[in-house]
Amino acid sequence: MSITEHKITVNSLDWFYREAAPIGRTDLIPVVLLHGIVSQSYSWRNILPALASQGTRAIAPDWIGYGFSSTPEKRDFAYNPEAFITALEGFIKALELEKFSLVVQGFLGSVGLQYALRHPEKIANLAILNAPISSAAKLPWKIKQMGLPLAGEMMTQDPLLVDRTLEGGSRYRIEDKDLDVYRRPFLKSSAPGRSLLATIRNLQLDSAMQEVESGFKQWQQPILIQWGMIDPWLPVEIAQSFADSVPNAELVKLNNVGHYPQEHYHETILEDLLPFVRRAESK
């Protein structure tokens, strides 16, 4: 099952996205997968084909400012949750997705969760992989330092920050051929570094977490939480307390898995993710 690459322009911003289309007719609801900070849709490269092979259309965009999507200057795009949510609303509308399963991961996963809370009618069910879901979640120093004055400007222009962050969060080595894809935007232009800097400075994690904590107490759709147990930045206690506080949530603990579970443990993730999204059949 091959992954195709696409671009679509929405409100003057170019969204790059990867898609795996099911062969033949399907009555399963599509899945949208959102990546985390310093990453891109390439991180879902092993998840997309497996979803498609069971008849699920799978779509993974690069956030605005990331990967191969537009990297507007901060005067044109605020890089705060409101800007990301508004952009995502436009992307979903442009693809004419009426209802879908949403999968979020990492520190931009909070934006995906805020989108879900504001558009519950769009979400069939929700899967969360190592994303901030509690006011106890804080931006780790490894990422926070990229937003510091002066030092942040220099750090975010170093393509090796991708290696250090992805491997540091995963706790495992990533193949050079894969790191080449992650590094490529940073090697081609200084704009991705500026986008990353602006995101870190404007993520507003505390207020986002207040919205997430209060909003999901009334959430009705099924939630699957898959959590890497050796995440150096987000301890499993965060996931446990979230699962205990919301209705209809299941927590699956992934041993020997770090912050970016899909990077090394896609087969483990798929054991629970495939049947979970398969339940979301259109009426």
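Predicted model: local features only at pLDDT ≥ 70, side-chain atom pairs only at ≥ 80, totals over all residues.
Two strands count as paired if DSSP finds at least two bridges between them.

**Stop 1: the opening hairpin**

Select residues 4–10 and 13–20, which are strand 1 and strand 2. The two strands run antiparallel and share 7 bridges. To see one of these contacts, pick glutamate 5 and look across to strand 2, where arginine 18 is its bridge partner.

Now click on the turn. The hairpin has 2 residues between its strands, and asparagine 11 takes a positive phi near 50° there. Is asparagine 11 buried or exposed? With a relative accessible area of 66%, asparagine 11 is exposed.

**Stop 2: across strand 2**

Stay on strand 2 and colour by accessibility: 7 of its 8 residues are buried, so the strand is mostly covered. Strand 1 is one of its partners. Strand 4 is another, joined to strand 2 in the antiparallel sense over 4 bridges.

**Stop 3**

Jump to asparagine 130, in the loop that runs between strand 6 (123–129) and helix 4 (141–144). Here too is a residue that is not a glycine but has a positive phi, about 40°. How accessible is asparagine 130? Its relative accessible area is 0%, so asparagine 130 is buried, whereas asparagine 11 is exposed.

**Stop 4**

Time to show side chains. Side chains of opposite charge can pair when their charged atoms come close.

Begin with glutamate 73 and arginine 194, whose closest N and O atoms are 2.7 Å apart. Glutamate 73 is partly exposed at 25% relative accessible area, and arginine 194 is partly exposed at 36%.

Next, select arginine 118 and glutamate 82, which meet in a salt bridge at 3.0 Å, N to O. Arginine 118 sits in helix 3 (residues 109–118) and glutamate 82 in helix 2, 36 residues apart. Arginine 118 has a relative accessibility of 32% and counts as partly exposed; glutamate 82 is partly exposed as well, at 42%.

Then move to arginine 201 and glutamate 153, with 3.2 Å between their closest N and O atoms. This pair links helix 8, which holds arginine 201, to helix 5 (residues 151–155), which holds glutamate 153, across 48 residues. Arginine 201 is partly exposed at 36% relative accessibility, and glutamate 153 is partly exposed, also with a value of 36%.

**Stop 5: a charged network**

Which kind of contact links Arg45, Lys177, Asp178 and Glu263 in a network? These side chains are linked by salt bridges.

Notes:
Residues numbered from 1 in each chain as written. Heavy atoms only, no water. Salt bridge = Lys/Arg side-chain N within 4 Å of Asp/Glu carboxyl O. Buried < 20%, exposed > 50% of the residue type's maximum accessible area, 1.4 Å probe, protein only.
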